[in-house]
Amino acid sequence: GGRGGRGGRGRRPDSRERPPTAYAGSKDMNALAELLVSLEGASYKAYHDIKGNWTFPGFTFIVDRIQSDPFAPPSSCRIQMPASVAGFADWAIRTKAQRIATGDYLTRTFYRSARAGRH
């Protein structure tokens with residue numbers, strides 16, 4: 001589903017999911033923070049080191065693709081989180097239309113927060 005997206009988007013969360021675990025080759029949030037500091041002012045090519053899985057408490061941040069230059073398509077990333085951690089009400093994820101609406105709400109909320117510099 002989605003705009004030429006990758007697997008995983010649009011799937012109904014499963015309340016039986018386990019908390020995110022360290023995937024083979026995943027790194028933790030502290031390693032990501034160190035990497036981002038080290039990349040300050042680096043070339044676009046250096047940012048490819050961000051690609052991969054980054055484990056945070058309760059979720060995994062996954063960077064699928066990194067923009068290769070200023071004119072290339074944008075980077076692509078996603079969050080994976082068990083339904084039990086996300087805590088969505090059943091009515092918000094019951095049907096495909098409700099999952100799309102919930103995803104749209106989350107995306108717009110994230111966008112507004114990022115634009116305002118809140119984190």
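Two strands count as paired if DSSP finds at least two bridges between them. The strands (E, at least two residues) and helices (H or I, at least four residues) are DSSP runs, numbered from the N terminus.

Strand E2 (residues 52-56) and strand E3 (residues 59-65) run antiparallel and are joined by five bridges; here Gly52 stands opposite Val63. E2 and E3 form a hairpin with two residues between them, and Gly58 in the turn has a positive phi of about 90 degrees.

Residues are numbered from 1 along each chain as its sequence is written, and side-chain values use heavy atoms, with hydrogens and water left out. Since this is a predicted model, local features need pLDDT of at least 70 and side-chain atom pairs count only at pLDDT 80 or more, whereas totals for chains, interfaces and linings use all residues.

The score pLDDT is the predictor's confidence in each residue, from 0 to 100. The protein chain averages a pLDDT of 81, and 77% of the residues score at least 70. Over residues 1-23, however, the pLDDT is below 50. Beyond near neighbours in sequence, this stretch has 35 contacts in the model, where a contact means heavy atoms within 4.5 Å.

## The nonpolar core

Which residues make up the largest nonpolar core? There are seven: Leu32, Leu35, Leu39, Ile50, Trp54, Val63 and Ile66. A nonpolar core is a set of buried Ala, Val, Leu, Ile, Met, Phe, Trp, Tyr and Cys residues joined through side-chain atoms within 4.5 Å. Buried means under 20% relative accessible area, exposed over 50%, and partly exposed in between (1.4 Å probe, protein chains only). In soluble globular proteins, nonpolar side chains tend to be buried together. Leu39, one of the core residues, touches Ala46, Tyr47 and Ile50, not counting residues up to four places away in sequence.

Met29 is found in helix H1 (residues 29-38). Its relative accessibility is 33%, so Met29 counts as partly exposed. Leaving out residues up to four places away in sequence, Met29 touches Thr55, Phe56 and Pro57. The C-alpha atoms of Met29 and Trp54 are separated by 6.0 Å, although these residues are 25 apart along the chain.

## Salt bridges

How many salt bridges does the structure hold? It holds three. A salt bridge is a side-chain nitrogen of Lys or Arg within 4 Å of a carboxyl oxygen of Asp or Glu. In general, side chains of opposite charge can pair when their charged atoms come close.

One of them joins Asp64 and Arg78, with the closest N and O atoms 2.8 Å apart. This pair links distant parts of the chain, Asp64 in strand E3 and Arg78 in strand E4, 14 residues apart. Asp64 and Arg78 are both buried. Another joins Arg94 and Asp90 (2.8 Å, N to O); Arg94 is partly exposed at 43%, and Asp90 is partly exposed at 42%. Arg108 and Asp104 also meet in a salt bridge (2.8 Å, N to O). They both lie in helix H4, four residues apart, about one turn of the helix.

Thr102 lies in helix H4 (residues 96-116). Is Thr102 buried or exposed? Its relative accessible area is 13%, so Thr102 is buried. The side chain of Thr102 reaches the backbone oxygen of Ala92 at 2.6 Å, a polar contact (a pair of N or O atoms within 3.5 Å; within protein, one must be able to donate a hydrogen and the other to accept it, and residues adjacent in sequence count only if both atoms are side-chain atoms).

Gln67 lies in the loop between E3 and E4. With a relative accessible area of 19%, Gln67 is buried. The side chain of Gln67 reaches the backbone oxygen of Asp69 at 3.0 Å. Leaving aside neighbours within four places in sequence, Gln67 is in contact with several residues, including Tyr44, His48 and Pro73.
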